[in-house]
Amino acid sequence: MEILKKEMKLMGYTARSLADRLGLSSPSVHAWMNGIKPSPPSILKLKQLGFSDTACLDPRKDVEV
């Protein structure tokens, strides 16, 4: 499972709920889940929510579940 999806699941976020929490659109979060790197302001917001550097900088990196 990709690291961003794994961390979202562990924290209880869906794409929609994370987007709402960040004040962004769901397509933005879906883009990250499909390998697009978040913008620097979004990375900062993700880190403030507790997401790892790897999830922010390499969201599609595969990790063990």
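**Entry 1: Aspartate 20**

I looked up aspartate 20 and found it partly exposed, with a relative accessible area of 46%. I use buried for under 20% relative accessible area, exposed for over 50% and partly exposed for in between, with a 1.4 Å probe and protein chains only. Aspartate 20 sits in helix 2, residues 15-22. Helices here are DSSP runs of H or I with at least four residues, numbered from the N terminus. I also checked aspartate 20 against glycine 35: the two are 15 residues apart in sequence, and their C-alpha atoms are 20 Å apart in space.

The model is a predicted one, in which local features need pLDDT of at least 70 and side-chain atom pairs count only at pLDDT 80 or more, while totals for chains, interfaces and linings use all residues. Residues are numbered from 1 along each chain as its sequence is written, and side-chain values use heavy atoms, with hydrogens and water left out.

**Entry 2: Helix 1 against helix 3**

Two packed helices are described by the angle between their axes and the distance between the axes. I read off helix 1 (residues 3-11) and helix 3 (residues 26-33): they pack at an angle of about 125 degrees, and their axes are 8 Å apart. The axes are lines fitted to C-alpha atoms, for helices over the stretch in contact, and the angles run from 0 to 180 degrees between N-to-C directions. Helix 1 and helix 3 are therefore oblique to each other. Under 35 degrees would count as roughly parallel, over 145 as roughly antiparallel, 65 to 115 as roughly perpendicular, and the rest as oblique.

I listed who makes the contact (heavy atoms within 4.5 Å). Helix 1 contributes Leu4, Lys5 and Met8, and helix 3 contributes Val29, Trp32 and Met33. By class, the contact of helix 1 with helix 3 has five nonpolar residues, no polar ones and one charged. In this scheme Ala, Val, Leu, Ile, Met, Phe, Trp, Tyr, Cys and Pro are nonpolar, Asp, Glu, Lys and Arg are charged, and the others, Gly among them, are polar.

**Entry 3: Salt bridges**

I took a salt bridge as a side-chain nitrogen of Lys or Arg within 4 Å of a carboxyl oxygen of Asp or Glu. By this rule I have a count of four salt bridges.

I noted lysine 47 with aspartate 53, where the closest N and O atoms are 2.9 Å apart. Lysine 47 is partly exposed at 37% relative accessible area, and aspartate 53 is partly exposed at 45%.

I then went to glutamate 2, which counts as buried at 14% relative accessibility. Glutamate 2 forms a salt bridge with lysine 5, with 3.5 Å between the closest N and O atoms. Lysine 5 is partly exposed, at 30%. The side chains of glutamate 2 and arginine 60 also meet in a salt bridge, 3.6 Å from N to O. Glutamate 2 lies in the segment before helix 1 and arginine 60 in the segment after helix 5 (53-57), so this pair ties together parts 58 residues apart in sequence. Arginine 60 is partly exposed at 39%.

**Entry 4: Glutamate 7**

Glutamate 7 lies in helix 1. Leaving out residues up to four places away in sequence, glutamate 7 touches Gly50, Phe51, Ser52 and Ala55.

I found tyrosine 13 in the loop between helix 1 and helix 2. Tyrosine 13 is buried, at 18% relative accessible area. Beyond four places in sequence, tyrosine 13 is in contact with Met8, Leu18, Arg21, Leu49 and Phe51.

Serine 26 belongs to helix 3 and is buried at 14%. With neighbours within four places set aside, serine 26 is in contact with Ala15, Arg16 and Ala19.

Lysine 37 is in the loop between helix 3 and helix 4 (40-48), partly exposed at 48%. On the same exclusion of residues up to four places away, lysine 37 touches Trp32, Ile43, Cys56 and Leu57. I also took its C-alpha separation from proline 59, 22 residues apart along the chain, as 6.8 Å.

Technical notes
Helices (H or I, at least four residues) and strands (E, at least two) are DSSP runs, numbered from the N terminus.
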